[in-house]
Every structure is written in C-alpha cells, then in structure tokens.
Amino acid sequence: MALREIVRFGEDVLRKKCREVTNFDEKLGILLDDMTETLLSADGVGLAAPQVGLLRRAVVIDIRDGKGTIELVNPVIIEQSGIQSGNEGCLSAPGEWCEVERPMKVKVKAFDRHGNEFVVKGEGLLARAICHECDHLEGILFTDRVKQVIPKRVEGIK
C-alpha cells in the first residue's frame with residue numbers, strides 16, 4: 001500500500017465525470033488499498049478516486065464506527081429519504097467547512113473489489129459520506145450544495 005497525493009480544489013479532475021470500473025483486477029485492489037491508507041492517514045471520512053487524480057467510479061468510506069472501511073465500486077444511490085443539515089468538509093479543501101443538506105438515509109447499490117454486487121444502507125454520517133463521495137464521481141463538489149458557509153476560526157479571536 002502507498003499514500004497517494006490528494007488533489008486540491010481548482011484541479012480539473014475534480015470537475016469531471018468518472019468512468020465506470022470494468023476491470024475488477026489486482027490494479028483495482030491496489031487502488032482501493034492505497035485510497036484507504038490515504039484516507040486514514042489524512043484522518044478523513046471518505047475519499048473518491050478523482051481526489052487521487054483518477055477518473056474511476058470508486059470510493060472508500062470509514063466513519064470510524066468500528067465497522068471498518070466500506071469500498072464502493074460503481075456506486076448508485078437507489079433510495080434516499082429524510083433531510084439532514086450539517087457542517088461538511090472535504091480532504092480536497094482542507095480547512096473549508098460549509099453547511100450542506102443531505103438525505104438522512106440512503107441505500108446504495110455497488111460492487112466490491114471482486115465484482116460482486118451488494119447493497120449498503122446508510123443513515124446520518126454514513127448517508128452524508130456516501131452522498132458526498134458519489135457527488136465526487138459526477139464532478140460535483142460539496143461547495144456546490146452549500147446552504148451556509150462556516151467562517152474560518154482565527155486564532156486568538158473568540
């Protein structure tokens with residue numbers, strides 16, 4: 001496994017729609033492993049392939065709930081319900097926080113690294129992370145969904 005460089009806002013790759021993964025091979029496994037290591041090293045919740053410069057429909061999510069990392073290849077949100085509003089950030093925009101509305105619950109269909117289809121249900125933070133990372137695969141950034149910008153805290157000012 002290796003750490004990958006996280007692409008920052010302003011890079012063209014973050015605004016492009018990703019291609020479906022068609023080869024479920026060792027190369028995909030290496031990508032997912034590297035993305036997981038990069039995510040955990042950066043202390044993030046989710047990471048999408050375009051954030052490491054690759055236009056592939058792959059994401060990793062770990063909300064630190066003790067259940068480990070979820071790998072979603074070619075994810076498609078098939079159900080959503082409810083509304084939650086909360087602060088959201090992104091590893092591609094360190095220090096930026098915005099209030100964003102997302103569904104409270106989602107159901108996503110995806111494939112694992114071996115090409116096996118499965119369904120994941122997410123609620124709360126997991127639903128937020130799934131939506132955020134799936135947006136990355138479409139070239140949509142969380143700042144496109146801003147409800148309210150959260151001002152940066154300046155040291156020494158209360």
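User: Which residues are linked in a network of salt bridges?
Analyst: Glu88, Arg102, Arg128, Asp135 and Arg145. A salt bridge here is a side-chain nitrogen of Lys or Arg within 4 Å of a carboxyl oxygen of Asp or Glu. Bear in mind that this is a predicted model: local features need pLDDT of at least 70, side-chain atom pairs count only at pLDDT 80 or more, and totals for chains, interfaces and linings use all residues. Residues are numbered from 1 along each chain as its sequence is written, and side-chain values use heavy atoms, with hydrogens and water left out.

User: How far apart are the closest N and O atoms of Asp135 and Arg145?
Analyst: 2.5 Å, in a salt bridge. Asp135 sits in helix H2 and Arg145 in the loop between H2 and S8, so the pair ties together parts ten residues apart in sequence. Helices (H or I, at least four residues) and strands (E, at least two) are DSSP runs, numbered from the N terminus.

User: Is Asp135 buried or exposed?
Analyst: Buried, with a relative accessible area of 10%. Arg145 is partly exposed at 38%. Buried means under 20% relative accessible area, exposed over 50%, and partly exposed in between (1.4 Å probe, protein chains only).

User: How many salt bridges in the whole structure?
Analyst: Twelve. One of them joins Arg15 to Asp144, with the closest N and O atoms 2.6 Å apart.

User: Which parts does the Arg15–Asp144 pair tie together?
Analyst: Arg15 lies in the segment before helix H1 (26–41), and Asp144 in the loop between H2 and strand S8 (146–149), so the pair ties together parts that are 129 residues apart in sequence. Arg15 is partly exposed at 45% relative accessibility. Asp144 is partly exposed too, at 43%.

User: And what does Glu138 meet in a salt bridge?
Analyst: Arg57, at 2.7 Å from N to O. Arg57 is in the loop between strand S1 (46–48) and S2, while Glu138 is in the loop between H2 and S8; they are 81 residues apart. Arg57 counts as buried at 11% relative accessibility. Glu138 is partly exposed at 31%.

User: Arg57 also touches Asn74, I think. What else does Asn74 touch?
Analyst: Besides Arg57, Asn74 touches Glu20, Val21, Phe24, Lys109, Ala110 and Phe111, leaving out residues up to four places away in sequence. Contact means heavy atoms within 4.5 Å.

User: Where does Asn74 sit?
Analyst: In strand S3, residues 70–81. Asn74 is buried, at 7% relative accessibility. A polar atom of the Asn74 side chain lies 2.8 Å from the backbone nitrogen of Val21.

User: What surrounds Val59?
Analyst: Not counting residues up to four places away in sequence, Val59 touches Leu32, Met35, Leu47, Ala48, Ile70, Glu71, Leu72, Glu133 and Leu137.

User: Now the outside. Which residues form a nonpolar patch on the surface?
Analyst: Val76, Ile78 and Val119, with about 230 Å² of accessible area together. That area comes from the Shrake-Rupley method with a 1.4 Å probe; for residues, only the protein chains shown count as cover. Patches are made of residues with over 30% relative accessible area and no salt bridge: like charges are joined within 9 Å, nonpolar side chains (Val, Leu, Ile, Met, Phe, Trp, Tyr) within 5 Å. Val76 lies in strand S3 and is partly exposed at 41%.

User: Backbone next. What is the phi of Asp43?
Analyst: Positive, about 60°, although Asp43 is not a glycine. Most residues other than glycine have a negative phi. Asp43 is in the loop between H1 and S1, and counts as exposed at 63% relative accessibility.

User: What about Arg64's phi?
Analyst: Near 60°, again a positive value in a residue other than glycine. Arg64 lies in the loop between S2 and S3. At 39% relative accessibility, Arg64 is partly exposed.

Key
Polar contact = N/O pair within 3.5 Å; in protein donor to acceptor, adjacent residues only side chain to side chain.
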